[in-house]
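Please examine the sequence and the structure together before reading the account below.

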Amino acid sequence: MNTILYKTLFLHEWKQFVRNRAQVLTLLVFFLLGIYGIHYGHSEMAEQEIKITSATDSIVHAQRSFVNLWHTDTTTKEGRYQYETVAMPSLARFNYNFVAANRPTELSSLTIGQRDLFPVYYRLNAQSFYIQTLKGGIYNPFKLYNGNFDLTFVILYLLPLLIIANGFDILSSEKDLGVLPLLQTFPVSVAWLIRVRSLFRYFLSSSVLLILWIIGIVVLYHGQESGSFPYACLWLLVALVYSLFWQSFIYFIASLKLSTPVNAIVSISIWIFLLLLLPALGNLVFSGKKGATDLADLMRSKNMPETDSAMEDALQRFYVLYPNLQPKDTSKSPFYYFQGYSAFLYLTDLRSDSVMRNYYSRIDRQNKKIRIYNSLNAAVTANDLFQELAVSGSSGEMVFLKALRDFHKEKIFWFTNKPLFANHYMQESDYLHAPVFAYTPNIDLRSIWWKLCVLLGETFVLIWSGHYFFRRNKELL
Amino acid sequence: MLSTIIAQKEFRELVRHKLFPIVFCVSTLLMLVSVWGGYDSFRQQQAERRQAEEYQRMRWLQQDPKHPHIAAHFGNYAFLPKTVFSLFDAGLDTYTGSLVYLEPHKQNDFSFKPAEAGGSSVRFGMLSPSLILQSLFPLLIIFIGFDGFTAERRSSNLKMVYAQGISFSQLFWGKWLGLVYVVLLMILLPFLFFFIIGLFLSHHGEFSIGSALLLWGSYLLFLCLIIAFTLLVSAISRNRKISIVLSLCCWLVFSVLLPKWSASMGESLYPLPTKYEFTEAIRRDMEKGLNGHDSKSERAERIKTNLLAKYHVDSVSQLPFNFEGYIMQQGEDYSSMVYDHHFDLLQQKLDKQNRLSIGTGIINPYMALRDISMAICGTDFYTHLDFQKQAEQYRRHFVQMMNGDMTWYSHMGDWNYKAGKEVFRKVTPFSYSLPSLFKKLQPYCWSFCALGGWWLIIILFIQIRSHKLNRP
């Protein structure tokens, strides 16, 4: 019996929906905006990939040209200088460049997040890490201010409006049309009818989401391995739960038995609160001193006095960390001054590391307060989830920067400084085994499941509240 | 006269509504909180910036005596100042780097965008009076005004009103004026509060009463336009459901979709070069000359030949100044020329990207007001560009000073020459002068025209409708 009722009601709702041109148009517009969001995200990430590939190709080409200097004609003055550049570690350290890229993950096309705020690649050599990475890049602040029109934006901002537009008068329209008393004569409760209608609307919006997701996935994985498919499924789950949250919210509003315009006003007001007002207020209240100006010194050119005392001081402090590199005899090596400068750079970067750590801790503390404040905001939670899955948030960038720093400290620095401190020249074979930056972003599944549970919890609270108010106000129907 | 009576009636009805005190208190509180929050943020950032400037100045002055060119390599900084008006509209400040390192031979980009340090919610924006007035107040106006005509139509009052000889335009302007009184009531106190804080902070930065009045006037013009638009939609809608849906759709398109779309489209049509491409192009042109056939060594040789001829000497060591310092400055001048060439190309692309958005403001009053607001508050793209240019001029100036000291006070080959504090002190700290209000608003003439154009369209529409309805 119930199955027949569901089928009948669903069929009836479907017919009503297709006959309502405004609703069909709204859904179509949403779908088209979603398609545009997919196209935009895909082209933005393709652009980033092109930038990374172009820079990588150029730097790798420069590396090859550099290595080819081993075969230069050393009978000329210029040839001898070029040979020295590749053979002497003191020259090679600042002339042989490496590339380290933060490639977009597959899901970044669906959620650009904060990727446009940060550089996507760095060109590094054995010079101070922070001089090379802190000096900013080319960007349009106006474009950053306006944000991205990706699929996540469409889902976060426009999907709730679609749900509100299709459902804000789910009960009040029956009252306005005078059909409500007739509905009350049915063998099923009005509340049950509204639940089924809400369910239908949820299936409708979910179907559109599913189609958009499929299109997004096809575009993403076209001609590529689908290694991140499980995360893509999680991404869809987040979108469906977010849609369920808003559908539950509409169900809750309907249970309050307000008039049509009041329903619209309250629904839009909540949308404004969750998507505009509350996050903006949090960003204002919890943004404290960032202390970026304290980092200014890290960008300064690193000069040290070319005196024996300065060199000796730097080397002795360096040898405390690496006693195995301390020379056995007291005679100055031919690379003494170069070793001193490398030691100075290394130690300066270590000091800068602690300044950066303090800066990141401060940022982390502020962001933690904002996260706690926004923890019950479904829109911000969904946004966080999308960004965590796509590894396109600022936390993903921090992890990348840490990996970059480790690469510089452990690989790039020692590539030329190991022979330098061993008083050796570079060998051609050294270049054939030059380190390559490899970085795989990590996704914190525990955090994702936790946030998903919070979102589901809020949804269930709304559904339960809706049930409660429908039962309580039965007589008003 | 009739319109005034209708306005008074509308005003009384609205303020007597049971929700009005709540709406009034909430909106006023939000505005006051945002002004206070902006003030607090401004104070904090100014203190941080002042501290950093003093510290870096001290470091510059307290350098050990050293060769002036090496001292120049120690570098200086330009910190992006916050304008007093930025507490009203922070504009692009969150997305522009807060400082730039100034050194010889290189032009660096701005670093440390505040947004980089924000969490994932930074893209939701920061509460400010401009956000409230640009995005939330129009919604409030829609909620108050969407039923302006549809309620009259529903209760069959409209025909009776017209039957009594009141024209559509009289009724319209009466309702419009009533809503204007309500909006004025809601924004007056926060604006006064902002004004007082602005005057209090005027010793920190420029705060002109003229700019403040222009800002207030622009927002008032915009909000009055929104009121007129909402009432017009109500007048042409069959029922209140259509009225509110249509008004909200327009709000969504104008304040959410169009700005994002136009910025995205600008970026797609005029993509920027990568940093690597940009720096490589500069490096290539410096090596081979701007025309590709004038290498660095050829340029140096030409300068040397000309100097020797000018001073009638046989070798550079006989010149009455340090040739190394001179050639270094010549190199600096050439690199500045190359940089200017590439920087101009880059700025042209950025300008084209942004022009698309500014141009879209012709059909979007929200974007027109947003651009005007950012311009008056000194937080728009062109003010930032002006700061960038002034910082670059300062960089060239202090590098030239240090190279000049090397040229005239040291001998060729003498790298043991040391300049001390008296030389470093000659380099005055960087000080930024905000452009005049006229210069700030120059790129946005079209935005003013757009707002004016919208008013003309609405007035025309009202006249046409009034004429149609009052036809016998």
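This is a predicted model: local features need pLDDT of at least 70, side-chain atom pairs count only at pLDDT 80 or more; totals for chains, interfaces and linings use all residues.

Residues are numbered from 1 along each chain as its sequence is written, chains are lettered from A in the order in which they are written, and side-chain values use heavy atoms, with hydrogens and water left out.

The model scores ipTM 0.91 and pTM 0.91. Within chain B, confidence is lowest in helix α6 (residues 157–163), at a mean of 84, and highest in helix α13 (residues 365–377), at 94. Helices here are DSSP runs of H or I with at least four residues, numbered from the N terminus.

Helix α9 of chain B (residues 240–269) contains 30 residues and spans 41 Å from its first C-alpha to its last, close to the 44 Å expected at 1.5 Å a residue; that expectation is 1.5 Å times one less than the number of residues. At the start of α9(B), a side-chain oxygen of B:Asn239 comes to within 3.1 Å of the backbone nitrogen of B:Lys241.

A search of the whole structure finds 8 cavities of 30 Å³ or more, a cavity being a set of points on a 1 Å grid over the protein atoms alone where a 1.4 Å probe fits but cannot get out. The second largest cavity holds about 180 Å³ of space. α12(B) gives the most to its lining, with 5 residues.

Notes. pLDDT is the predictor's confidence in each residue, from 0 to 100. Helices (H or I, at least four residues) and strands (E, at least two) are DSSP runs, numbered from the N terminus. A polar contact is a pair of N or O atoms within 3.5 Å; within protein, one must be able to donate a hydrogen and the other to accept it, and residues adjacent in sequence count only if both atoms are side-chain atoms. On a 1 Å grid over the protein atoms alone, a cavity is a set of points where a 1.4 Å probe fits but cannot get out, and a pocket is an open set with protein on both sides within 12 Å along at least five of seven lines; lining residues have an atom within 4 Å of a point. Grid points are joined across faces, edges and corners, and a volume is the space filled by probe spheres set on the points.
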